[in-house]
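Subject: Structure handover

Hello,

Here is the structure we discussed, followed by notes on what was found in it. Please read the notes with the coordinates open.

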Amino acid sequence: MLLATPRRVKKLLFFAHTPPPYHGQSLMVEQLLNALGGDARRPSRSASPQTEFACYHVNCRFSETVEAIGRVRPKKILLVLNYCVQAIWCRFRYGAKNFLYVPAPPLRSAIYRDWVIMAICRPFFRTRVFYWQGAGLSDWLSSGAKAWERRITRILLGRPALSIVLAESNRRDAHELESEKVEVVPNFIPDPCPEFERAVRPLRLARQAARQKIACGETVTRAEMLAADGAPHVFRILFIGLCTRSKGLFDAIEAVAIVHRTLTQRCSALRLRLEVAGAFWRPQERQEFEQRICQPDLLAADASAGDACIFERSEPESLVGYHGFVSGEQKRKLMTESDCFCFPTFYRAESFGLVLIEAMAFDLPIIATNWRMIPEILPQAYPGIVEPQSPAQIASAILSFMTSPPGCGLRAHFLSRYTDIRCIERLKATLSDTLTKRGR
């Protein structure tokens, strides 16, 4: 009787940070770490029980809050050195010769930090694996970086054994650093709405049907109102993400103002409301946001509506609501009760917005920009794509989706591509193949 040969454990020095702060990169790092078995030094109940990989996690957190991300502070220099010492100690204490790292987005301070980390750690590790959660480094190297910055970046970060990128369009960053192997594995999440067919789809259909009747001037019955969870004439738009101009927040707000003016001019019975969730990065942008949403063109009982239409009069209320950072049930409630998701980003390091696949899981119609990998994430020829920094195009899409939401099967698209069950196995196979060929 032949005995199966036990597989050797593949040891990884996992140099990446987990939440807090909460954003796409830290959440994906946490999911990947747990999928590979968690920190071998600190067993966790949330980690998947398996023995193929042993990860030794250096939680290289440089910012405790979203507001602190990207800020240059002396304390961060000391943190860099501390984390590098931890990594080298794990290398010799546990024999972890493989180094998994998340390269920085194209921000000078973050790239310079990568230089220091690689200059110190690179000589001690046989294999380097880059898990790209940002994008745009190749653009920075070709057009924004000085010659000496390009040279140092390629010397210190160049030629990793494996680059895992999130979309085909993101291969450029990996090729720019001459990665020996490049694999595309998209971001993923557990299904956040497994009861969709029973609890969410009926609400979506009821709201759409009631809204179409209202748009045609027909009467909505009490039963239809109850099925639509009340106020089906209000088209609820959701923005979730980092609250900053480059994520498209202010473009979404301007689009709402345009739609509100258009509906008023048409004497339409339909209304809209934008719900904003997320943390602000810059205090001055939060102040600008608070001032903008109180302007007359964003008030529901705006006197400029004129007397030609008959509206219910009440105290003026902004068409934009702000919820701060949301998670768990609060986030789930917003996703369930919304009619549309708006993500008009032009953020230069945008790579793969997790909020997009979360919206797909709830089958929310999406309005998003033709920016970096976003068209690749959505179904082919998806009708909700607009150009960056184009409030008028966003407004046009909102008006279209109000009565004729696209029937593109976004939830089915999510289930076929972006669930953790599908993607984790691909990640494990990719890592296993590379580390096996490199002798672990």
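Which residue in E8 is the bridge partner of Arg236? In this predicted model, that partner is Arg273.

E7 and E8 sit in an open sheet of six strands, ordered E9-E8-E7-E10-E11-E12, with parallel pairing. Its edges are strand E9 (320–322) and strand E12 (385–386), each of which pairs on one side only. Helix H12 (residues 354–361) packs on this sheet and touches E7, strand E10 (340–343) and strand E11 (366–369). The direction of H12 makes about 170° with that of E10.

H12 also packs against H15, at an angle of about 120° and with the axes 7 Å apart. That angle makes H12 oblique to H15. On the H12 side the residues involved are Ile357, Met360 and Ala361, and they meet Leu410, Arg411, His413 and Phe414 in H15.

The cores

The largest nonpolar core has 97 residues, and Phe341 and Ile366 are the members that touch the most others in it. Helix H9 (residues 249–265) gives the most to this core, with nine residues. A second, separate core holds 38 residues, including Cys60, Ile117, Phe125 and Leu156. Beyond its neighbours within four places in sequence, Ile366 is in contact with Phe341, Leu356, Ala359, Met360, Leu378, Tyr382, Gly384, Phe401 and Leu410.

Strand E1 and its partners

Strand E1 (residues 10–15) has five of its six residues buried, so the rest of the structure largely encloses it. Six bridges join E1 to strand E2 (residues 53–58), in the parallel sense; within that pairing, Lys10 has Phe53 as its bridge partner. E1 also pairs with strand E3 (residues 98–101), again parallel, over four bridges. In E3, Asn98 stands opposite Leu12.

Helix H5

Which residues of helix H5 (residues 147–157) are buried? They are Glu149, Thr153, Leu156 and Leu157. Seen down the axis of H5, these buried residues fall within an arc of 85°, so they line one face of the helix. An α-helix has 3.6 residues a turn, so residues three or four places apart point the same way. The face of H5 turned away from the buried side carries Ala147 and Arg151, which are exposed. The cover over the buried residues of H5 includes helix H3 (108–121), strand E4 (127–131) and helix H4 (137–144). Just after H5, Arg159 takes a positive phi of about 60°.

Cys408

Cys408 lies in the loop between helix H14 (391–403) and helix H15 (410–417). Is Cys408 buried, exposed or partly exposed? Its relative accessibility is 30%, so Cys408 counts as partly exposed. Leaving out neighbours within four places in sequence, the contacts of Cys408 are Pro379, Tyr382 and Pro383. Tyr382 is also on the contact list of Ile366. Cys408 and Gly144 are 264 residues apart along the chain, and their C-alpha atoms are separated by 38 Å.

Regards

Methods
Residues numbered from 1 in each chain as written. Predicted model: local features only at pLDDT ≥ 70, side-chain atom pairs only at ≥ 80, totals over all residues. Heavy atoms only, no water. Helix = DSSP H or I, 4+ residues; strand = E, 2+ residues; numbered from the N terminus. Buried < 20%, exposed > 50% of the residue type's maximum accessible area, 1.4 Å probe, protein only. Contact = heavy atoms within 4.5 Å. Arc of directions from axis to C-beta. Core = buried A, V, L, I, M, F, W, Y, C linked by side-chain atoms within 4.5 Å. Pairing = 2+ DSSP bridges. Axes fitted to C-alpha atoms, helices over the stretch in contact; angles between N-to-C directions. Parallel < 35°, antiparallel > 145°, perpendicular 65-115°, else oblique.
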